[in-house]
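Please review the structure shown here.

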Amino acid sequence: MALRFIDGFEHYAIPSQIPLKYTSYNDSGGSSGITTMTGRRAGSTALLFRISSDFVGMTLDAQATWVVGFGLYLLSTETAELMRFVDSEGTVQAAISIGNDGTVRLYRGTVSGGTLLATSTNSLPILGWNFIEAKLTIADSGGTFEVRVNESVWVTFTGDTKQSTTQSTAVRIQIWGRGSDNAIDDLYICDGTGSTNNNYLGDVRVDTVRPIGAGNYAELSRQGSASNWDNVDDTTIDSDSSYNFSNTVGQRDTLDCGNLPSITGSIFGVQLNIAARKDDAGSRTLRSLTRVSSTDYEGSSQNVGTDYRVYRQVLEQNPNTTAAWTESQINTAEFGYKVQA
């Protein structure tokens, strides 16, 4: 697998439900905290930072190569950190900042105490969206660190990109705010493994589709609505207001989801997002369920905790064809979940 995570910031409440989706974050709260603004497209949502101490972070597994892309909106110029790549011991391997002149700057280590590796010649404009992509390969020598803006290389470095004395990988990726506000939209994270999605994806968009009707299975019990699909079609996660539940191993729900907006480019993957919790002690696992051409395909088992979390399953390919998804295949597929154990 190479595509690891995507977010369009449209299926959960911001900022209150950020900890359901991300593994680390800081929200100052109030008028200076994280909020939202209109995204890159009409009707879409972007995550808006309003202070430089706030961030969202995703912890994955240890990889030497990471590729991260997102739309970026700057409201004014100032020197501030934008991204960090952090190893399992908490060492910042590399970081990116935007200078008060709009230049993109690459660092080994932190922006405040690390080594400046390279600075772009071009400067990012304010009050407009640009698509930022960063690719980092961590190594003592022969490492690479590069940033593209709107699919053009702006700044690149080859050499020592390893800050840690013991680790040659990063496990956590953080995106930071600025004192003068910045917003992000259409976020993706890839690693360097596999044969697909292990490099830049280019300027992409992340579209959210929600359940609109029943699928082939509606086996879980219901709370809140008369139908299983109607319990999980919420614009944002409504926790225990409406939900489906079961303690019977093997029970399944699948859902008919809305159609994607018209697509002209490639589809790099589908991410199923399942908000779930258990309500008693003991082990409980779930699996995502994808139904294509009357055939069921199960995701990996995921252990469920007692508080709501968003459990994800990335499908880079249609499991029925083992090829890239097409728009019509996604529109006719059913997606859901299964009580695994």
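The points that follow go from the whole chain to a single residue.

This is a predicted model, in which local features need pLDDT of at least 70 and side-chain atom pairs count only at pLDDT 80 or more, while totals for chains, interfaces and linings use all residues. Residues are numbered from 1 along each chain as its sequence is written, and side-chain values use heavy atoms, with hydrogens and water left out.

**Overall fold**
- The chain has three helices and 27 strands (DSSP runs: H or I of at least four residues for helices, E of at least two for strands, numbered from the N terminus).
- Its radius of gyration, 21 Å, is close to the 20 Å given by the globule rule for 341 residues, so the chain is as compact as a globular protein of that length (C-alpha atoms; the rule is 2.2 Å times the number of residues to the power 0.38).
- Along the principal axes, the C-alpha atoms fill a box of roughly 60 × 45 × 45 Å.
- Of contacts (heavy atoms within 4.5 Å) between residues at least 6 apart in sequence, 66% join residues at least 24 apart.

**Surface**
- Of the 341 residues, 50% count as buried (under 20% relative accessible area, 1.4 Å probe, protein chains only).
- The chain exposes about 14000 Å², with carbon and sulfur atoms supplying 44% of it (Shrake-Rupley method, 1.4 Å probe).

**Gln340**
- Gln340 lies in the segment after β27 (334-339).
- Beyond neighbours within four places in sequence, Gln340 is in contact with residues including Val249, Glu298 and Ser301.
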